[in-house]
Amino acid sequence: MVASFPAPYTPLDRLDATLRDRGFVVLAPEAVATLTGLPRAAFEALVPSWDDLRPDDYLKDGGRYRQRRHACCVVEGDTLRPVPHRMHWQPVEYNALHGGMERWFAPVDAATLAQSAWSALIRGLARVCSVQRAVPRWHVEAHQFRIDTSDGVGRPTPEGAHRDGVDFVAVLLVGRHAIKGGETRVFEAQGPAGQRFTLTAPWSLLLLDDARVIHESTPIQPLDAAGGHRDTLVLTFRADGFQGDAED
């Protein structure tokens, strides 16, 4: 049996120092709720939307295991401003498998965007990012992911260990259903140190300083013939505009 390591939760009062010292931090669901100022139950209103994601038609490995939706916004201070639906783009330096492509994913449903938990999560994490790096605004991309086992195995990060080309990356586990695997691995970008663990609690959070660490999640497999899936919400925060804009 493969060893499974629990998530190394950091107390909320150590969040800023831990992120500064290690380049990443892991928070328990209760800490995430406190960070947003909402009760944990408020996040459950978001969960049904993961049953209505759309296939990712850009997978170069030919897989059918990933569904997603995508949205963007700008956060200035505590004000969140949605922006028109746009492409997702990464340079090949950060995503050798899917970089250099204009990928147009289905937009996040308007009813999901209207949920108080959606905006509270983004604003709360933007405040955390601003403690680390004081900037006028954050350009935020939100990705709803479902990785399933329709191909026998699902790959949360088919590009392997990587950086995203942004300032900060937040990975929130929404849920796991009838799977094994999906271990999170975080490594120093310029050093030998690394840590591995599995996020299992819904709405637990991994927050990364993208310049300092690289990350990946291992493939998932079903526990039985009925199959299973892993749902996540990934939020990226970038000060210098959206990737793919003219200034890039």
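Start by selecting helix 1, residues 15–22, in this predicted model, and colour its buried residues, which are Leu 15, Thr 18 and Leu 19. Looking down the axis of helix 1, you will find these buried residues within an arc of 95 degrees, so they line one face of the helix. In general, an α-helix has 3.6 residues a turn, so residues three or four places apart point the same way.

Next, show what surrounds that face: the buried residues of helix 1 pack against strand 1 (24–27), helix 2 (29–36), helix 4, strand 6 (168–177) and strand 10 (205–209).

The buried residues of helix 4 include Trp 118, Leu 121, Ile 122, Leu 125, Val 128 and Cys 129.

Keep Trp 118 selected and turn to the second largest pocket, where Trp 118 lies nearest the centre together with Ala 71, Cys 72, Pro 82 and Leu 113, out of 17 lining residues. Two or more residues of this lining come from each of strand 3 (66–76), strand 4 (79–82), helix 4 and strand 5 (138–148), and strand 3 gives the most, with four residues. The space in this pocket amounts to about 200 Å³. If you colour the lining by residue type, it divides into 14 nonpolar residues, three polar and no charged.

Methods: Residues numbered from 1 in each chain as written. Predicted model: local features only at pLDDT ≥ 70, side-chain atom pairs only at ≥ 80, totals over all residues. Heavy atoms only, no water. Buried < 20%, exposed > 50% of the residue type's maximum accessible area, 1.4 Å probe, protein only. 1 Å grid on protein atoms, 1.4 Å probe; cavity = no way out; pocket = protein on both sides within 12 Å on 5 of 7 lines; lining within 4 Å. Points joined across faces, edges and corners; volume = space filled by probe spheres on them. Nonpolar A, V, L, I, M, F, W, Y, C, P; charged D, E, K, R; others polar. Arc of directions from axis to C-beta. Contact = heavy atoms within 4.5 Å.
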